[in-house]
Amino acid sequence: MNEKNTKQPILGNGRFAPSPTGDFHIGNLRTALLAWACARSTGRGFHMRVEDLDERSRPEYCLRQLEDLAALGIDWDGPELYQSQRIDRYEEIFTSLLKSGRLYECYCTRKELASVASAPHRPPGSYPGTCRDLTESEREAGREKLRGTNREPALRLRTDALSGELVDQQLGYYCGAIDDLVIRRGDGVFSYNFVSVVDDAEYNVTQIVRGDDLLPSTPRQMHLQDLLGYPNPVYAHMPLILNQAGARLAKRDGAVTLRQLAELGWSSADIVELLASSLYMGEAGCATAGDVSAAVSVSVSGSGGTSGAGAGTGGAGAGTGGAGAGTGGAGTSGADMARKRSGIRDTATFLNVFDPAALPREPWRVNVELLAAGPAVWFTD
Ligand SMILES: [Zn+2]
């Protein structure tokens with residue numbers, strides 16, 4: 001680990017950016033592990049950024065989250081970055097945006113936004129521009145409407161583009177809506193989109209690996225990067241974990257946090273092995289330690305498809321075995337694959353066999369009841 005940390009991250013940094021509003025479940029841990037491995041395997045640094053601007057954030061959750069990551073063997077460079085300590089910097093950039101005339105006040109209530117967001121002809125969650133071109137007297141009426149509430153007008157960015165596209169390293173081509181996104185919310189808090197874009201740029205984050213629930217926000221964030229003169233990082237959005245019913249895994253689904261699983265007999269090493277297995281790592285055909293240097297250099301450019309080809313030729317078939325498993329090769333379902341022991345029980349070994357081109361592109365559906373039975377029952381071999 002020390003040897004890695006002394007390398008200059010000339011390719012910039014990866015990052016993981018948790019919100020300390022509760023304990024992680026295994027889906028969060030899986031995404032963190034993937035973000036870490038993608039950064040480390042490409043010679044990037046790795047930053048831990050605590051997104052603690054939300055009023056639900058608690059220092060005790062932050063502490064527990066960082067403990068969980070460390071327990072799995074995920075490390076990061078330098079001290080954690082706390083967004084709550086960066087308000088002055090956000091204020092500066094916000095002020096320059098304000099002076100540029102690109103921001104306008106929005107008086108819409110949450111209820112009003114919810115009713116327009118559900119309109120059938122609009123992409124979900126996009127803003128229809130209600131307050132974009134109001135007259136001064138209409139603006140005054142909007143301010144009057146909010147008077148007596150504890151909210152100020154939100155400030156939105158006037159955007160020219162309607163949509164934006166990217167080639168995601170994991171999911172391929174994506175085109176999504178760009179709307180007039182909120183820069184500062186009505187409660188005075190800077191928006192997630194704004195501060196994450198600023199932080200990524202100012203901390204030289206060149207690779208963003210995160211859950212695919214954030215894919216629809218990505219064209220907006222890239223638009224903001226362009227506007228602020230920041231380079232676009234590469235993106236890899238990872239399919240999330242689903243419960244047995246096919247819904248996104250949540251803590252109410254059962255014992256899914258590291259602490260809950262520890263009580264059921266899961267050690268940190270078991271969890272690493274579980275997560276590696278869920279990614280079909282350690283199967284026949286996956287990279288061995290010697291293949292890694294060839295396999296890891298591919299994720300800088302191009303789609304997942306071309307990366308896979310690169311890994312396959314450079315790494316003696318490193319990418320092809322895992323990719324075959326990921327698409328359901330050899331007649332084995334993803335759920336069954338995830339129950340075979342990978343033998344990968346620590347993050348150093350995980351990194352040695354990690355091949356970003358061979359990651360599954362479909363979500364992992366996990367049987368939480370079976371998980372609760374412990375590793376001795378979960379693993380089938
Ligand atoms: Zn509005």
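User: Which geometry does the site of the zinc ion have, judged from the angles among its 4 donor atoms?

Analyst: This is a predicted model, in which local features need pLDDT of at least 70 and side-chain atom pairs count only at pLDDT 80 or more, while totals for chains, interfaces and linings use all residues. Residues are numbered from 1 along each chain as its sequence is written, and side-chain values use heavy atoms, with hydrogens and water left out. Four donors count as tetrahedral if all angles lie between 85 and 135 degrees. The angles among the 4 donor atoms of the zinc ion are 100 to 123 degrees, and the site is tetrahedral.

User: Which residues coordinate the zinc ion?

Analyst: Donors are N, O and S atoms within 2.8 Å of the metal (3.2 Å for Na, K and Ca), and water is not among the atoms, so sites may look incomplete. In sequence the donor residues follow the spacing C-x1-C-x18-Y-x3-C. At 2.1 to 2.3 Å, the zinc ion is coordinated by Cys 106 (SG), Cys 108 (SG), Tyr 127 (OH) and Cys 131 (SG).

User: Is Cys 131 buried or exposed?

Analyst: Buried means under 20% relative accessible area, exposed over 50%, and partly exposed in between (1.4 Å probe, protein chains only). With a relative accessible area of 4%, Cys 131 is buried.

User: Which side chain makes a polar contact of 2.8 Å with that of Asp 199?

Analyst: A polar contact is a pair of N or O atoms within 3.5 Å; within protein, one must be able to donate a hydrogen and the other to accept it, and residues adjacent in sequence count only if both atoms are side-chain atoms. Asp 199 is buried, at a relative accessible area of 0%, and its side chain also makes a polar contact of 2.7 Å with the side chain of Tyr 90. The partner at 2.8 Å is Gln 83.

Definitions and conventions. Four donors count as tetrahedral if all angles lie between 85 and 135 degrees; four count as square planar and six as octahedral if opposite donors are over 155 degrees apart and all others between 65 and 115; anything else is irregular.
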